[in-house]
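Dear colleague,

Please find the structure below, handed over for your records.

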Amino acid sequence: MGGSIHDQSFAGGDDIVLMKYASNGTRLWTRLSGSENSDSGQAVALDGAGSVFLAGIARGDVNGEAFSGDPEASDMVIVQYSSDNSGALVWTKLLGVANYNELAFALALHNGTIYLAGSSDAPTLYGDALIGSADAVLV
């Protein structure tokens, strides 16, 4: 895709966009995460300290994290941004099985634990066997 938004450069394809606004409507920051392919954000949550967590779907390397395989497939992606007003990237994690689709749709935080819900069509995911053509997963 090329280009940028609010001084943040696109990685390519469709990127995940996260913006923070003050209560008066002033934009505080914009952050982009994505690969050279089409990626999408699906859920956002805040922890007790105000850190921002973003979950979505990636089809390539994101923020230096290696993608599992073929860009026709997808990985779950989770990204943490800092609780301060900088919105700095803290970490990124991709979860997936090479050449299969792992999709993240929901995100929840509780007592320091991150819960990621989605689906997978991989034959096995973290040791659990697939039951149907695509299964719901909770990571």
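In which sense do strand β6 and strand β7 pair, and over how many bridges? Strand β6 (residues 52-58) and strand β7 (residues 75-81) are paired in the antiparallel sense, over 7 bridges. Two strands are taken to pair if DSSP finds at least two bridges between them; strands (E, at least two residues) are DSSP runs, numbered from the N terminus.

Some notes on the source come before the rest. This is a predicted model, in which local features need pLDDT of at least 70 and side-chain atom pairs count only at pLDDT 80 or more, while totals for chains, interfaces and linings use all residues. Residues are numbered from 1 along each chain as its sequence is written, and side-chain values use heavy atoms, with hydrogens and water left out.

The β6-β7 pair belongs to an open sheet of 4 strands, ordered β5-β6-β7-β8 with antiparallel pairing. Its edge strands, β5 (40-46) and β8 (89-95), each pair on one side only. On average, neighbouring strands of this sheet are turned by 20° against each other, direction ignored (axes are lines fitted to C-alpha atoms, and angles run from 0 to 180 degrees between N-to-C directions).

Within β7, Y81 is the bridge partner of V52. Y81 is also buried, at a relative accessible area of 2% (buried means under 20%, exposed over 50%, partly exposed in between, with a 1.4 Å probe and protein chains only).

Rings of Phe, Tyr and Trp (its six-membered ring) pair if their centres lie within 6.5 Å; planes under 30 degrees apart count as stacked, over 60 as edge-to-face and the rest as tilted. The count by this rule is 2 aromatic pairs. The ring centres of W29 and Y81 lie 6.2 Å apart with planes at 35°, so this pair is tilted. It links distant parts of the chain, with W29 in strand β4 and Y81 in strand β7, 52 residues apart. W29 is buried too, with a relative accessible area of 4%.

The loop between β3 (16-21) and β4 (27-33) contains T26. T26 is partly exposed, its relative accessible area being 42%. Leaving aside residues up to four places away in sequence, T26 touches K20 and Y21 (contact means heavy atoms within 4.5 Å).

Finally, strand β10 (residues 113-120) is joined to β13 by 4 bridges, and the two run antiparallel. G118 has V137 in β13 as its bridge partner.
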